[in-house]
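These are my notebook entries on the structure shown below. I set down what I looked up, entry by entry.

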Number of protein chains: 2
Amino acid sequence: MGSNVTLKEIAQELGMSAMTVSRALNNKDNVDKNTKKRVVEKARSMGYTPNHVAKSLVSRKTFTIGVVIPEIYHAFFSEVISGIEEVTYKRNYQLFLTNSAEKFEREKSSIHALQSKRVDGILISCAETSNDISFYKNIIDTGLPFVFFDRCIENIGASCVTVNDYNSSKEVTEHLIGHGYKTFAHLRGPEDVAIAQKRKKGFLDALADHEIPVNEQLIEESGFNEKGGYSAMSRILELSGNEPPRAVVAVNDPAAFGAMKAIKEKGLSIPDDIAIVGFSDDIRSEIIQTPLTTVRQPAFQIGKRAAQKLIDTIDNKDEPIATIELKNEIVIRQSCGCLPG
Amino acid sequence: MGSNVTLKEIAQELGMSAMTVSRALNNKDNVDKNTKKRVVEKARSMGYTPNHVAKSLVSRKTFTIGVVIPEIYHAFFSEVISGIEEVTYKRNYQLFLTNSAEKFEREKSSIHALQSKRVDGILISCAETSNDISFYKNIIDTGLPFVFFDRCIENIGASCVTVNDYNSSKEVTEHLIGHGYKTFAHLRGPEDVAIAQKRKKGFLDALADHEIPVNEQLIEESGFNEKGGYSAMSRILELSGNEPPRAVVAVNDPAAFGAMKAIKEKGLSIPDDIAIVGFSDDIRSEIIQTPLTTVRQPAFQIGKRAAQKLIDTIDNKDEPIATIELKNEIVIRQSCGCLPG
DNA sequence: TTGTACGCGTTATCAA
DNA sequence: TTGATAACGCGTACAA
C-alpha cells in the first residue's frame, strides 16, 4: 500500500466534501449530474483506486473467501481450484489460497490467518493428519461459513460437497460382473483411510449382491501407489497359482499401474487373461499401452459446487446446510475388456 | 465477518482499557505480568481473533500478495503456484489467486481488484492477449511492487523471473548436432509469439555455429498443439520425399507428439530414421511409447524465485530491479537416439 | 504500568 | 443536492 489517492484528496482538489465524492463514485442517485461528472473525471485523472480495506472495515464484509487444500501439485486440486475460481470470479469474490501440505498444524494456522483476514467464508479439504473435529466445530459455531469438499467432515454444521466412492466402486465392480467375470481380486488401500474403506465396501457389496463368493486371499493391501500395486498383485498371482482372478478392482490408478506391470511380467495379457480397473483417472491412464478403465472424479464440478454453496451461504443466512453428492463417472477403456471390438 | 470479539470488548470484561489489552496481546514489555496473563486468558476464552483488516488500514500493509496467471489447469502453473506458496507461507504472506483465462481484459480487472484489496505486491504471468504495456507501466510507476514470471515484460521497471528459451533451444539442437545428425527440420510456433521466436532463433543459431546449412523448406509452422505438429510434419515428409530430415526440433511437446504420429504413419522409426526433441516436458512425454527428449522448465523454482524477489522488493525499497534467468534442464530420453544402449 | 486522543479511508446517518 | 459527524478495530504518541 503505497501512495494511494483518497476520497478526501479528490474532495479537496474539487472543493467539496469527501462524502459527495463517495456518493458520486458509487453511483448514488442523490448527486448532481454535473458534480458527478467532475468527480469521476478527477478520480480518473488522479488514479483513484477505492480502498477495499477501509470499506471492509466498516461494512464487515471483505468479498474474500479462503481455500485450504492439502496440496496443489496434483491435477485433482488444481482442477478443483479452477472450478472454484470460475465461481468466485463471476460473483466478484477474491480467493485466498492456502496449502496445508497434509499437516493439521499447518491447516490450523492457515485457518487462523484466514480468520484474521476476515474472509467471508472458507472452503476446505482436510489434511490426512487432521484429527480434531472440535477445532472445525468451534469455528463453524462462531458463524463463519464453511464448506467442506472432497475430504469432508459431515454433521458438524457445515455443508459438504463430495463424491460417492462407495457407489462408484460398487458400480464399476458391477460393470465387470455384468461382463461375465466370475473371480475377483481387490487391491485395497490402508485400512483406516475413509476412501479406501468405502471403495473396498463397494467392491464387496457388489459381489454379495450378485452372490459371487469372496476369496479373502484375493484381497491384498496395495496402498495408493504403483509400487504397492505391483507387490500386492505379485502376491495374488503367487497365491492363486494357475488360477489367477479373472478381474481386478484396484483402489486407485497408480496401484492399478503397478498391478498391470506385475500381470504382464507373468506373461499374462490384459484384458484377455485378467481385466483390471482403477480409480481416480490419473492423467496417464488414457495414454498407457493398455488404457485403463477407471472412475473419474468431477474435480472441476466439485470446486464449482462448493464455491457456489459457500457464497450462497454467505449471501443468505438461511441457506440450508446440505451434503451435495456428485457422481463419479466411469470411464470405460481397454483394460476391462468391455469395449466393443 | 460476523460476531467477532474486539479489543474493546475484552477490555470491558476486564475493566481496563483497550490499549492495555492490545499491548498484552502483542507481547509488549510494558505490561504487568499479571494483567498480561489475565488478558491472554480472557482473549482465549472469548475466542478473540485479531482483525487484520483494521490493522492493515492503519499500517498500510496487508501482508498479502496477488498472483495473476493465465490459467490454472495445466501442470506448469500449478507447480509455479506451489513454489510461490512455499515462500509466502514461510514469510507470513497470504496469497490472492486470480486467473486471467488468457484474456487481457480479465487480467486488467484482476489487477484492479488486487489494487483495491491493497495487496503489497503482484506476481504476474501475462495473458496471451495482453497488448498494452503502458497499462503495466502505469501501475508499476505508482510504486506497487511487481514481478513478472515466465511470460515477462522487461525494461518497464519491474523484476522478471524467466527461463532462457533461446539458450535451451540452442543447447538441445547442439546436443543433436553433437550426436552426428546433419539434416534438421524445425516445427515452429506462431511468428509473433516471443517464446516461439526465441526457440526458432536458438535452433537456427546452433546450426549456424556449426556451419550446418539451413533448409528453409524444413521449417514449418506447427503452432503449439498436436494437430499442428502432425500436419507440419506431414508437409515436411511430403516435401522431402525420400530424403527426410535426420532430426526434428519441435517448438513444444504437443507439436512433437503430432509429428511423431506423422512419422510413424509414414512407416519411419523414431529415433532410428528420424530423431525428435520437444520442449516443455509435458506430463505425457515420459510415458509414451517412445519417450520424448525435451526441455524441462523449472516451474517450482520459477514460482519460488519470483515470490522471493517480490517479497524482498516489498520489504526493502532499495531492492534492485533484476531479471533472474533460470536454467531449463534438458531431459534426454529415447526419441533423440542419444541414450546409450 | 496504564489510559486518552487521534487517525487510517470509508460509508451511514442526520442536518442543512 | 450537499456537508458534518461518527463509527468500523487497531496501534502510535503522548500524558498520567
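**Entry 1. A helix across a sheet.** I began with helix α11 (residues 253-265) of chain A, which lies across β6, β8 (247-250) and β9 of chain A and runs at about 145° to β8(A). I count residues as in contact if their C-beta atoms, placed from the backbone, lie within 7 Å. My axes are lines fitted to C-alpha atoms, for helices over the stretch in contact, and angles run from 0 to 180 degrees between N-to-C directions. Helices (H or I, at least four residues) and strands (E, at least two) are DSSP runs, numbered from the N terminus.

**Entry 2. Basis of the entries.** I note that this is a predicted model, in which local features need pLDDT of at least 70 and side-chain atom pairs count only at pLDDT 80 or more, while totals for chains, interfaces and linings use all residues. Residues are numbered from 1 along each chain as its sequence is written, and chains are lettered from A and ligands numbered from 1 in the order in which they are written.

**Entry 3. The sheet of chain A.** I looked up the strand order and found an open sheet of four strands, β7-β6-β8-β9 (chain A), with parallel pairing. Two strands pair if DSSP finds at least two bridges between them. β7 (219-221) and β9 (275-277) of chain A are at the edges with a single partner strand each, so one side of each has no neighbour in the sheet. Neighbouring strands of this sheet are turned by 15° against each other on average, direction ignored. Strand β6 (residues 184-188) of chain A is joined to β7(A) by three bridges, and the two run parallel. I noted that A:R188 has A:E221 in β7(A) as its bridge partner.

**Entry 4. The sheet of chain B.** In chain B I again read an open sheet of four strands in the order β7-β6-β8-β9, with parallel pairing. Its edge strands are β7 (219-221) and β9 of chain B, each of which pairs on one side only. Between strand β6 (residues 184-188) and strand β8 (residues 247-250) of chain B, which run parallel, there are four bridges. B:A185 stands opposite B:V248 in β8(B). Helix α9 (residues 194-209) of chain B packs on the sheet, where it touches β6 and β8 of chain B, and its direction makes about 170° with that of β6(B).

**Entry 5. Two helices of chain A.** I then turned to α2(A) and helix α3 (residues 33-46) of chain A, which pack at an angle of about 90° with their axes 9 Å apart. α2(A) and α3(A) are therefore roughly perpendicular to each other, a term that covers 65 to 115 degrees. A:T20, A:V21, A:A24 and A:L25 in α2(A) meet A:T35, A:K36, A:V39, A:V40 and A:A43 in α3(A). The residues of this contact divide into six nonpolar, two polar and one charged. In these classes, Ala, Val, Leu, Ile, Met, Phe, Trp, Tyr, Cys and Pro count as nonpolar, Asp, Glu, Lys and Arg as charged, and the others, Gly among them, as polar.

**Entry 6. The DNA strands.** Which residues come nearest to DNA strand C? Of the 24 residues around DNA strand C, they are A:S22, A:N51, A:A54, B:D32 and B:V58. I call a residue near a strand if its C-beta atom, placed from the backbone, lies within 6 Å of it. α4(A) gives the largest share of the surface near DNA strand C, four residues. DNA strand D is surrounded by 22 residues, the closest being A:T20, A:D32, A:V58, B:N51 and B:A54. Here the largest share of the surface, four residues, comes from α4(B).

**Entry 7. The two chains.** I recorded 40 residues of chain B in contact with 41 residues of chain A. The side of chain B that touches chain A has 16 nonpolar, 17 polar and seven charged residues. A rotation of 179° with 0.1 Å of shift along its axis superposes chain B on chain A (RMSD 0.3 Å); the superposition is by least squares on the C-alpha atoms of residues with pLDDT of at least 70 in both. The two copies are thus related as by a two-fold rotation axis. B:F96 is the residue of chain B that comes closest to the rotation axis, at 2.3 Å (C-alpha).

**Entry 8. Backbone details.** I found a cis peptide bond between A:I270 and A:P271, with omega about 5°. A:P271 is placed in the loop between α11 and β9 of chain A.

Notes. Two residues are in contact if their C-beta atoms, placed from the backbone, lie within 7 Å. Angles under 35 degrees count as roughly parallel, over 145 as roughly antiparallel, 65 to 115 as roughly perpendicular and the rest as oblique.
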